[in-house]
Amino acid sequence: MHRTLARRALLAAAALAALAACGGPARPRAEEAAARSSAAVRPAPPKAATVQGLPGMPPVLDPHDVYAADRPNRLSPAVRDFPSRVYVPNTNSDTVSVIDPKTYRVIETIHVGAQPQHVVPSWDLKTLWVNNDKGNTLTPIDPRTGKAGRTVDVHDPYNLYFTPDGRYAVVMASLDRELVFRDAHTMKRVKTVPVSCYGVNHADFSLDGRYFIVSCEFSGELLKVDTAKMKVVGQQRLPHHGAMPQDVKVSPDGRKFYIADMTTDGMWVLDGDKFTTPGFLPTGKGCHGLYVSRDSREMYVSNRGEGSVSVFDFRQRRVTRKWHLPNGGSPDMGGVSADGKVLWLSGRYHSEVYAIDTRTGALLARVKVGSGPHGLAVYPQPGRYSLGHTGIFR
């Protein structure tokens, strides 16, 4: 009896094993088919973000960093053999002081037109244009030789920018209350855009180059200008009585514009796409010039009214350090050396230029120049092309 039961149990176990053996392969085959089917409908990995830039504009290198081309010593072949110099327009002396950054000495003084305001690198990087505001001329300087060329008649050239496609120069005609689009090479007038604000002054372009934001110094306003249409498409008054906006810089990710303001003692933070009311961030008395570090992490903010430089961290969205010039000063406009180690700023009311160590904030040198130094240009700098002012490179 017991042997019969045991035999039946063995037979039943064998049958179950056989069934398992027959059914075993079917399940993996079904899973493989399902996996193949799933793979067939699985979406492809997302492609890297691209930017539909202004037609004719060089492609954006990094959609997350406007300044990706500005890394230390990454000089364009067009400027690689240019001598390193600091060009300082002296507004009251009608001269440009040329400084050798290695020796901190003025090696040449170039006589230009009346009231030179800024030294501006051309879009193709081959020429430096001196904006002789009261002289109604531009003086070209060959940065290869350091020699000035024949002046070009341009009315009220307080400041100068270039569209990202390299087609046009944009003259900030402050007293004329105009934005004047000119041929980028001949400076022939193409289109005049009258504005209702006072003191068009500084600007910077969006990540895609399709618009730019302009500060109006004397009426405390901002403009938004469509680059291709050469048309003002937005205008707003800053929410502070007596606001006096100055330099403009776009954030590395292209999402915000920072606008220095001398009377509110800080920066306005604007969403350029939406062009809504900006927020405010204090930096120091007489906030004036804005310069991005070579690693795109920080921005140096000159506070002309208190002789200091605030260091703004883009990720933390706050000022993390402040450097005070020994015995004071009036730091104004300037730029960062090609290697990123030195910040050069004009001393607007002290007839001097400051060289500041960007790692420590220490003052490396004070260089005596002419009277009323203003928009100095450090040249050459890294970048593929220039958008103007004292050097906005992409």
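Arg-177 is placed over the face of Tyr-198, 3.9 Å from the centre of the ring. This contact, like every feature reported here, comes from a predicted model. Arg-177 belongs to the loop that links strand S10 (168-173) and strand S11 (178-183). The backbone of Arg-177 has a phi near 55°, a positive value in a residue other than glycine. Most residues other than glycine have a negative phi.

Together with Tyr-168 and Phe-181, Phe-205 and Phe-212 make up one aromatic cluster.

Strand pairing was examined around strand S19 (residues 266-270). Four of the five residues of S19 are buried, and the strand is mostly covered. Strand S18 (residues 257-261) runs antiparallel to S19 and is joined to S19 by five bridges. Across this pairing, Tyr-258 stands opposite Val-269 of S19. S19 is also paired with strand S20 (residues 279-282), again in the antiparallel sense, over four bridges. Here Gly-266 has Pro-282 in S20 as its bridge partner.

S18 and S19 form a hairpin with four residues between the strands. Asp-265 lies in the loop between S18 and S19 and has a positive phi of about 60°, although Asp-265 is not a glycine. The relative accessible area of Asp-265 is 27%, and the residue is therefore partly exposed.

Asn-136 is located in the loop between strand S5 (128-132) and strand S6 (137-142). With a relative accessible area of 26%, Asn-136 is partly exposed. Its C-alpha atom is separated by 8.6 Å from that of Val-152, a residue 16 positions away along the chain. The peptide bond from Tyr-379 to Pro-380 is cis, with omega near 0°. Most peptide bonds are trans. Pro-380 is found in the segment that follows strand S29 (377-379).

The largest cavity has a volume of about 170 Å³. Its lining comprises 15 residues, and those nearest the centre are Asp-70, Val-292, Arg-294, Gln-381 and Gly-391. Strand S21 (287-292) and strand S25 (331-336) are the elements that give two or more residues to this lining. S25 contributes the most, with three residues. By class, the lining of the largest cavity consists of six nonpolar, six polar and three charged residues.

The second largest cavity has a volume of about 80 Å³. Of the 14 residues that line this cavity, Val-60, Leu-61, Val-66, Arg-384 and Arg-394 lie nearest its centre. The lining has 10 nonpolar and four charged residues, with no polar residue.

Open pockets were examined in the same manner. The largest pocket holds about 430 Å³ of space. It is lined by 18 residues, and Ser-251, Pro-252, Asp-253, Phe-314 and Arg-315 are those nearest its centre. The lining of the largest pocket divides into nine charged, six nonpolar and three polar residues. For the second largest pocket, the volume is about 270 Å³. Ser-84, Pro-101, Ser-337, Ala-338 and Asp-339 are the closest to its centre among the 15 lining residues. Nine of the residues lining the second largest pocket are nonpolar, three are polar and three are charged.

Notes. Residues numbered from 1 in each chain as written. Predicted model: local features only at pLDDT ≥ 70, side-chain atom pairs only at ≥ 80, totals over all residues. Heavy atoms only, no water. 1 Å grid on protein atoms, 1.4 Å probe; cavity = no way out; pocket = protein on both sides within 12 Å on 5 of 7 lines; lining within 4 Å. Points joined across faces, edges and corners; volume = space filled by probe spheres on them. Nonpolar A, V, L, I, M, F, W, Y, C, P; charged D, E, K, R; others polar. Phe/Tyr/Trp six-rings, centres within 6.5 Å; stacked < 30°, edge-to-face > 60°. Lys NZ or Arg CZ within 6 Å of the ring centre and 35° of its normal. Buried < 20%, exposed > 50% of the residue type's maximum accessible area, 1.4 Å probe, protein only. Pairing = 2+ DSSP bridges.
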